[in-house]
Amino acid sequence: MKKLFTTLLALVMVLSLSLSVMAAPNNFVESPSNNRAPIIIDCENEDEDCTANVVVIPFGDRDKLSDEHRQEIQDAYDQIIGSSDLSDLFSGLDSVLTPGTITSDLSVSDLFNMHYTDCDLHNNHGKFKIELSTETLKGFVGLVQIVDGKWQLVTDAKVEDGKYLSFTVKDLSTFAIVVDRTKAESISPITGAPVSSYVAGIVAFAVILAAMTSVVVIKRKNEKA
């Protein structure tokens, strides 16, 4: 009985630690380090001569980026967690907020870099029309990106079928998906298990521990009697 009690207590502690690790930084729905990279479904440049190959790198794989891109996405992360109001940080975001949206409910569900390779003359080419598939679009509010060191809204970004994000941009850089926290799912992309499952597990173990403690107390009372 004592060994079982100790084992259950250890499990509760492990689950509690897991929950703490999963806790998202300020202004993020979940830690962006856990997100998979959005998948490119379609990507076209308006100039038929463009040979650019567009690459998407999630925040969690930022070490794969060049020094310049890695610094940009790290600075973006620091700006987001340090912001007291994302509507102030992200220029133009106010224009797409629906009536009743509270700015304190805004969060970033994903942070990633997009850049191109294999096109040495791209400055002479036009805009990219891109469609991505990602699991971080629930409660979508808008897409923002860094251009010349400043955040700006991608004005034509829209969600289709709840999982496809389409938009048009000339410059590729660091992007952030902004959502309404009250409508966004809180799911760990690594395990697929919602945080609520971990909470439920901890509560269940706590109930078991309490029940076992009661049994032990009753047993001892009966033995003394």
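Predicted model: local features only at pLDDT ≥ 70, side-chain atom pairs only at ≥ 80, totals over all residues.
The side chain of Asp61 meets that of Lys64 in a salt bridge, with an N to O distance of 3.9 Å, and Lys64 counts as exposed at 65% relative accessibility.

## Overall architecture

The protein contains four helices and nine strands, which follow one another from the N terminus in the order α-β-β-α-α-β-β-β-β-β-β-β-α. Of its 225 residues, 40% count as buried, and the accessible surface comes to about 12,900 Å², with 53% of that area belonging to carbon and sulfur atoms. Among the contacts with a separation of 6 or more, 78% are made by residues 24 or more positions apart.

## Other salt bridges

The structure holds four salt bridges. One of them joins Arg36 to Glu135, with the closest N and O atoms 3.6 Å apart. Arg36 belongs to the loop between H1 and S1, and Glu135 to the loop between strand S4 (128–133) and strand S5 (140–147), so this pair ties together parts that lie 99 residues apart in sequence. Both Arg36 and Glu135 are exposed.

A further salt bridge is formed by Lys158 and Glu160, whose closest N and O atoms are 3.8 Å apart. Lys158 counts as partly exposed at 46% relative accessibility, and Glu160 is also partly exposed, at 31%. In general, side chains of opposite charge can pair when their charged atoms come close.

Asn45 is part of strand S1 (residues 39–45) and counts as buried because its relative accessibility is 16%, where the limit for burial is 20%. Polar atoms of the Asn45 side chain lie 2.8 Å from the backbone nitrogen of Asp47 and 3.0 Å from the backbone oxygen of Gly126.

## Two residues with positive phi

Most residues other than glycine have a negative phi. Asn27, however, has a positive phi near 70 degrees; this residue is found in the loop between helix H1 (2–22) and S1, where it counts as buried at 16% relative accessibility.

Asp161 likewise has a positive phi, in this case near 60 degrees, and lies in the loop between strand S7 (158–160) and strand S8 (164–169). Whereas Asn27 is buried, Asp161 is exposed, with a relative accessible area of 70%.

Technical notes: Residues numbered from 1 in each chain as written. Heavy atoms only, no water. Buried < 20%, exposed > 50% of the residue type's maximum accessible area, 1.4 Å probe, protein only. Contact = heavy atoms within 4.5 Å. Areas by Shrake-Rupley, 256 points an atom, 1.4 Å probe, with all protein chains shown as cover. Polar contact = N/O pair within 3.5 Å; in protein donor to acceptor, adjacent residues only side chain to side chain.
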